[in-house]
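Subject: Structure handover

Hi there,

Here is the structure I promised to pass on. Please have it open while you read, as my notes follow directly below it.

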Amino acid sequence: MSVESVKEYLSAWGVQDRVVEFEESSATVEEAAQDIGVEPARIAKTMAFQMDDSAILLVSAGDAKVWNAPFKARFHTKPKMVPADQLVDLVGHPMGGVCPFDRNDGVRCYLDESLKRFEQVWPAAGSENSAIGVTIPELEEFSRADGWVDVCKGWRED
């Protein structure tokens, strides 16, 4: 899968033209934030975790970090990232382009509560130099999310 397949997937909602592609890499939260011109927290980073012989995706705010205990309580396993060389096979997207759209069949996607404090966030769009600005309701719809979870830390103002 690629940015082109993500655009085709997003065409079902008529938003494929909102995908932006950059000359420079936007593969990290910091690079994406700089390319887009937003604070890093507004980058909706999509992380792939191994679950037996498949994977799940967790989309969280750019300033959030996975919190082991809640993750394990929710998913009944320790968080273990999918190795970069297995991302395309398991998830459908390469490192830096992992996104909640147009993923392989059977890959579930969860949205973390850390995203809800923003009106708009920016997930990748299938390549290491693409993104799309979406509202939270759009992210829910376009990702066909399996639900909301609260498994990240470091983003709350205590």
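F142 is buried, with a relative accessible area of 3%. In this predicted model, F142 forms a tilted aromatic pair with W13, at 5.0 Å centre to centre and 45° between the planes. That pair brings together distant parts of the chain: F142 belongs to helix α5 (residues 136-143), W13 to the loop between α1 and β1, and 129 residues separate them. W13 itself counts as partly exposed, at 22% relative accessibility.

The count of aromatic pairs comes to 6. Another of them joins Y9 and F101, again tilted, with 6.5 Å between the centres and 35° between the planes. Here too the partners are distant in the chain, 92 residues apart, with Y9 in helix α1 (residues 3-10) and F101 in the loop between α4 (87-90) and β5. Y9 is buried at 16% relative accessibility, and F101 is buried at 0%. Ring pairs link Y9, W13, F101 and F142 into a cluster.

Now to the sheet. It is open and mixed in its pairing, with 6 strands in the order β8-β6-β2-β3-β5-β9. β8 (134-135) and β9 (147-149) are the edge strands; each has a single partner, so one side of each has no neighbour in the sheet. Further in, β3 (residues 54-61) and β5 (residues 108-112) pair in the parallel sense over 4 bridges, and V59 stands opposite L111 in β5. Helix α2 (residues 29-36) lies across β2 (43-51) and β6 (120-123), running at about 155° to β2.

Beyond its neighbours within four places in sequence, S26 is in contact with E31, A32, D35, E128, N129 and S130.

Last, the cysteines: how many disulfides does the structure hold? There are 0. For C99, the closest cysteine sulfur is that of C109, and at 9.2 Å it is too far for a bond. C152 is in no disulfide either, as its nearest cysteine sulfur, also in C109, is 12 Å away. Both C99 and C152 are buried, each with a relative accessible area of 0%.

Best wishes

Methods: Residues numbered from 1 in each chain as written. Predicted model: local features only at pLDDT ≥ 70, side-chain atom pairs only at ≥ 80, totals over all residues. Heavy atoms only, no water. Pairing = 2+ DSSP bridges. Helix = DSSP H or I, 4+ residues; strand = E, 2+ residues; numbered from the N terminus. Contact = heavy atoms within 4.5 Å. Axes fitted to C-alpha atoms, helices over the stretch in contact; angles between N-to-C directions. Disulfide = S-S within 2.5 Å. Buried < 20%, exposed > 50% of the residue type's maximum accessible area, 1.4 Å probe, protein only. Phe/Tyr/Trp six-rings, centres within 6.5 Å; stacked < 30°, edge-to-face > 60°.
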